[in-house]
Amino acid sequence: MRLFIVLLMSLFAPGQILAADPALEIFDAHIHYSSDVWDKLPPQRVLELLTEAGVTRALVSATPGEGAERLYRVAPERVVPFLRPYASHKQRYTWSRDAGVMDYLHAQLARIPYRGIGEFHLSGEDARNPVVTDVVRLARERDLALHAHTDVTGIQALLAQAPDIPVIWAHGGFDVLETTLRDLLAKHKHLYIELSFREGLTEAGKLTPVWYQLMTDFPRRFLTGMDTYTPGRWVELPALAAEARGWLQQLPQDVAQAIAYGNAARLFPVTK
Ligand SMILES: [Zn+2]
């Protein structure tokens, strides 16, 4: 009986049930609502899932773009819509060589108030294609951010063309050296590092000293993301958010809040 009571107490002790503070609000900078989940997850269910995960706002893109539009129309105050420069997964790696992209973007941008272009995949050797230059020019004209899934060569080429535009580097380049991130952050003040799938952040659940230092040195330049690129990631969303809170809360509180929510909210204020 005593053992049972001890077990019961430990079950209800704060900090045992949830390792991380569920109150830490998240603005997820990497959500997809693509056609592969539309049947199972209608917009209202998606919003419930986000709420369950403590994600109060989200940067949303989709293939086709209609997904972000559908979600935006249901919850314009929570959804920051981004437009991919293509409508089909087949164009994921070829869009930057497709002259039809600009017409597509212009037509889609007229539909809802998009806040950025992306997430797009771009390899370093494609980053100086004329279509990319046109996309950067369009972003500048329309006051749009860019969200790029690319390598070091690609991000450098983009930053060279778009030094004055917020450029969000998806996944923080995955496994790019932290010293490279530090150099780029120091040099490019509109570069933001989005952290979904970023390697090496933690060891055994603990934020590494290198990452702690990087985040506290550049507290305004990191964004939290979960990347719901498959239906499975939607199922995992609350667990992924709890995991993110786990390392966020090892940071000073103001830094944690900035990376969880404040930085994205500053970049994308709610528009009336
Ligand atoms: Zn993605």
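Guide: Let us begin with the metal site, where donors are N, O and S atoms within 2.8 Å of the metal (3.2 Å for Na, K and Ca), and where sites may look incomplete because water is not among the atoms. Here the donors of the zinc ion follow the spacing H-x1-H-x86-E along the chain. Please keep in mind that this is a predicted model, in which local features need pLDDT of at least 70 and side-chain atom pairs count only at pLDDT 80 or more, while totals for chains, interfaces and linings use all residues. Residues are numbered from 1 along each chain as its sequence is written, and side-chain values use heavy atoms, with hydrogens and water left out.

Visitor: Which residues coordinate the zinc ion?

Guide: The zinc ion is held by His30 through NE2, His32 through NE2 and Glu119 through OE, at 1.9 to 2.1 Å.

Visitor: Are His30 and His32 buried or exposed?

Guide: A residue is called buried under 20% relative accessible area, exposed over 50%, and partly exposed in between, with a 1.4 Å probe and protein chains only. His30 has a relative accessibility of 1%, so it counts as buried, and His32 is buried as well, with a relative accessible area of 3%.

Visitor: How should I read the strands, and in what order do they lie in the open sheet?

Guide: Strands of a sheet pair through backbone hydrogen bonds, either parallel or antiparallel. Helices (H or I, at least four residues) and strands (E, at least two) are DSSP runs numbered from the N terminus, and two strands pair if DSSP finds at least two bridges between them. In this model an open sheet of eight strands has the order β1-β2-β3-β4-β5-β6-β7-β10, with parallel pairing. The edges are taken by β1 and β10, each with a single partner strand, so one side of each is left without a neighbour in the sheet.

Visitor: Which residue stands opposite His32 in β2?

Guide: The residue opposite His32 is Ser61, and β1 and β2 run parallel, joined by five bridges. On to the next pair, β2 and strand β3 (residues 79–83) are parallel over three bridges, with Val60 standing opposite Pro81 in β3. Six of the seven residues of β2 are buried, so this strand is largely enclosed by the rest of the structure.

Visitor: What is meant by a right-handed crossover, and which elements make one with β1 and β2?

Guide: A crossover is right-handed if, with the strands pointing away from the viewer, the path from the first strand over the helix to the second runs clockwise. Helix α2 (residues 43–52) makes such a right-handed β-α-β unit with β1 and β2, and helix α3 (residues 66–74) makes another with β2 and β3. Further along, β4, helix α5 (residues 130–142) and β5 form a right-handed unit, and from β5 the chain crosses through helix α6 (residues 152–161) to β6, again in a right-handed β-α-β crossover.

Visitor: How many residues of strand β5 are buried?

Guide: In a regular strand the side chains alternate between the two faces of the sheet. For β5 (residues 145–150), six of the six residues are buried, so the strand is largely enclosed by the rest of the structure. Both faces are covered, with Ala145, His147 and His149 on one side and Leu146, Ala148 and Thr150 on the other. Strand β4 (residues 116–122) runs parallel to β5, joined by six bridges, and His121 stands opposite His149. Strand β6 (residues 167–169) is also parallel to β5, joined by three bridges, where Val167 is the bridge partner of Leu146.

Visitor: Finally, how is a helix read, and where is the kink in α11 centred?

Guide: The expected span of a helix is 1.5 Å times one less than its number of residues. Helix α11 (residues 253–267) has 15 residues and reaches 20 Å from its first C-alpha to its last, close to the 21 Å expected. The bend at a residue is the angle between axes fitted to the seven residues ending there and the seven starting there, and α11 has a kink of about 55° centred on Ile259. The buried residues of α11 include Val255, Ile259, Asn263 and Leu267. Among the elements that cover the buried residues of α11 are β1 (26–32), β2 (55–61) and α10 (237–248), where contact means heavy atoms within 4.5 Å.
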